[in-house]
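Me: I would like to learn how to read a fold from its coordinates. Please take me through one example.

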Amino acid sequence: MTASIPDRPRTLAEKLWDDHLVVKGENGEPDLIYIDLHLVHEVTSPQAFDGLRAEGRPVRRLDLTIATEDHNTPTLDIDKPIADLTSRTQIETLRRNAEEFGVRLHSLGDKEQGIVHVVGPQLGLTMPGITVVCGDSHTSTHGAFGSMAFGIGTSEVEHVLATQTLPLKPFKTMAITVEGELKPGVTAKDIILAIIAKIGANGGQGYVLEFRGSAIRSLSMEGRMTMCNMSIEAGARAGMVAPDETTFAYVKGRPHAPTGQDWDDAVAYWRTLPSDEGAVYDAEVFLDANELEPFVTWGTNPGQGVSLSDTVPDPASFADPNERAAAERALEYMDLAAGTPLKDVTVDAVFMGSCTNSRIEDLRAFASIIEGRRKAENVRVMVVPGSARVRLEAEAEGLDKVFTDFGAEWRFAGCSMCLGMNPDQLAPGERCASTSNRNFEGRQGKGGRTHLVSPLVAAATAVLGRLASPSDLPVTERVEA
Amino acid sequence: MDAFTTHTGIAAPLTRSAVDTDQIIPAVYLKRVTKTGFDDALFANWRQDPEFVLNQPAYAGASILVAGPDFGTGSSREHAVWALRDYGFRVVLSPKFADIFRGNAGKQGLVTGVVSESDIEALWAAIEADPGIEMTVDLTDRTVRVGDLSLTFDIDDYTRWRLLEGLDDIGLTLRNEEKIAQFEARREAWRPRTQPVR
């Protein structure tokens with residue numbers, strides 16, 4: 001759409017940037033970038049609406065804005081008033097703001113309610129070639145469609161509400177090429193955990209990551225969303241995958257997907273988006289998919305991960321003094337001794353959910369392992385679908401019965417124990433195998449200890465009561481339900 | 001936003017790397033709907049430890065935080081910046097900041113100065129040799145001074161200019177209202193619409 005497209009091979013990220021450029025910044029000023037889709041939730045928006053009100057500004061594009069309730073919402077008794085007063089106030093504030101300004105809102109109890117990053121793709125609002133922002137760092141999820149999607153702070157939420165643009169400095173680009181074929185039991189979650197362990201929890205800082213290569217091409221949209229979701233855990237602003245037939249097939253027919261001539265125009269444009277032959281990235285990383293195994297974190301940042309068959313590393317093995325000190329602190333917080341096989345670590349809880357892994361495919365994967373089995377006595381298992389629609393879909397397939405027969409709690413949709421803003425929290429000292437995205441100190445509840453894993457590892461762990469992969473499960477253990 | 005030129009105050013050493021936003025302000029404190037009053041939430045879990053740096057009497061009233069690398073990683077919560085500001089911090093110095101945190105800070109008048117790792121260690125040594133010592137951060141010439149030590153810090157030109165002038169981003173953007181409208185007139189029909197609901 002811009003008048004002057006550079007006459008050189010460009011990356012996917014550069015094409016998206018050029019096509020959303022409203023004003024080119026001069027003399028060190030940032031560029032002004034147009035935002036196609038603004039997702040809103042209750043936690044990072046109240047102060048932004050307040051700002052609009054104080055200045056007498058309207059929401060510029062209500063037709064590019066949509067809100068949902070997710071971070072605070074309870075996952076039980078959703079038909080009753082929210083017990084926590086401050087949570088209730090925040091939800092009620094969003095409802096008042098949405099009504100006053102005219103923003104479309106999907107409230108608790110609505111069939112389109114759910115985690116904002118599950119709702120956007122499910123409605124067909126997320127599509128290739130667009131810019132997406134939300135006051136949430138995991139907005140990077142939407143990059144799986146070949147869009148430019150990133151998290152913003154509350155001042156920027158207000159900025160987008162008022163102007164539908166953001167002043168931004170161009171990001172650097174990093175190509176992450178994953179070639180080969182995954183072994184059975186190895187998933188997108190393991191790839192991204194391995195990448196973060198390789199480049200570090202700050203390795204992507206200042207970059208947009210583009211995931212490419214045969215292993216990425218063969219991933220489903222759900223798998224690509226899992227990978228892009230965790231780009232921020234490497235410190236990157238955004239992650240993306242070039243759109244292809246898998247992407248088009250996923251978008252087509254969804255409630256907000258283009259139709260007729262618009263669809264044809266869109267697909268014609270989307271096909272021009274993949275990075276050009278010879279496009280230059282600021283950095284490149286390679287990973288061999290053939291060698292990957294199920295992955296797990298042992299520490300308190302997402303870069304502190306190893307293969308599940310490994311042992312807890314010795315802090316002394318880190319050359320960098322900052323990394324060594326961080327590892328020492330992490331082992332103390334996690335109550336782990338160096339040299340312990342990860343598979344010997346027992347857990348108190350398994351959390352299956354979050355914007356990283358709560359889509360229908362994730363629930364199916366979890367169910368495929370636990371079906372016909374019983375959970376370990378020592379473990380509490382929570383299954384939280386990403387959206388009300390995912391919950392309905394799972395129930396239509398009978399997955400809810402698989403979960404409850406196993407001994408798991410089948411909950412309503414929301415962010416839940418990923419960050420414990422609602423009552424779903426770990427008690428101090430409790431250890432959890434979690435399909436979520438962050439293992440920071442206290443993330444899932446004060447004093448709680450988090451091991452990030454895939455849905456398959458979470459399922460096997462729930463069966464054995466200790467960190468495990470599906471291949472550790474004896475076939476004979478499966479009983480008739 | 002108030003303009004920032006120079007600030008002198010007590011500097012507190014936070015000798016940790018990768019201080020993430022869940023440590024700066026745990027999620028349970030994000031439920032408030034106001035933009036102020038987050039001072040009690042800052043480092044809420046760590047502050048329960050009497051030995052934590054901000055609990056030491058020498059650092060009472062500290063307004064400059066000198067931290068290890070990768071400060072502010074994790075969530076996009078601007079509440080992390082509000083909590084630092086409400087507690088009284090005007091400046092954070094670190095060898096490296098997480099992108100979203102740094103952006104949020106710049107919009108709230110909190111200066112994020114990038115100082116090399118060896119300089120951060122020199123600053124820690126100077127502070128710990130004389131706990132409660134005052135430090136001066138001058139944005140006009142990008143310098144940090146404490147005792148006999150004088151160092152420079154990095155901050156990008158545009159953020160520095162906005163902080164020095166105390167300018168508001170939305171006001172700056174709306175000067176380009178006409179260009180935004182022209183851009184909107186060119187947008188293709190296939191792009192997503194949230195309303196009307198189909």
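Reply: We go from the whole chain to a sheet, a helix and an interface. This is a predicted model, in which local features need pLDDT of at least 70, side-chain atom pairs count only at pLDDT 80 or more, and totals for chains, interfaces and linings use all residues. Residues are numbered from 1 along each chain as its sequence is written, while chains are lettered from A and ligands numbered from 1 in the order in which they are written.

Me: How many helices and strands are there in chain A?
Reply: Helices (H or I, at least four residues) and strands (E, at least two) are DSSP runs, numbered from the N terminus. Chain A has 15 helices and 19 strands. Its radius of gyration is 22 Å, close to the 23 Å of the globule rule for 481 residues, so chain A is as compact as a globular protein of that length. The radius is taken over C-alpha atoms; the rule is 2.2 Å times the number of residues to the power 0.38.

Me: What is the strand order in the open sheet of four strands?
Reply: Strands of a sheet pair through backbone hydrogen bonds, either parallel or antiparallel. Here two strands pair if DSSP finds at least two bridges between them. The order is β11-β10-β9-β12 in chain A, with parallel pairing. β11 (238-240) and β12 (283-288) of chain A are at the edges with a single partner strand each, so one side of each lacks a neighbour in the sheet. Three bridges join β10 (207-212) of chain A to β11(A). In one of them, E210(A) partners M240(A).

Me: Which helix lies across β9 and β12 of chain A?
Reply: Axes are lines fitted to C-alpha atoms, for helices over the stretch in contact, and angles run from 0 to 180 degrees between N-to-C directions. Contact requires C-beta atoms, placed from the backbone, within 7 Å. Helix α6 (188-199) of chain A lies across both strands, at about 130° to β12(A).

Me: Which residues of α13 in chain A are buried?
Reply: Buried means 20 or more other C-beta atoms within 10 Å of a residue's own, with C-beta atoms placed from the backbone. In α13 (388-396), these are A388(A), R389(A), V390(A), R391(A) and A394(A). They pack against α4, α12 and α14 of chain A. Just after α13(A), G398(A) has a positive phi of about 80°.

Me: How many residues does each chain bring to the contact?
Reply: Chain A brings 70 residues and chain B 52. Helix α5 (154-163) of chain A gives the most to the side of chain A that touches chain B, with six residues.

Terms used
Contact = placed C-beta atoms within 7 Å. Buried ≥ 20, exposed ≤ 12 C-beta atoms within 10 Å, placed from the backbone.
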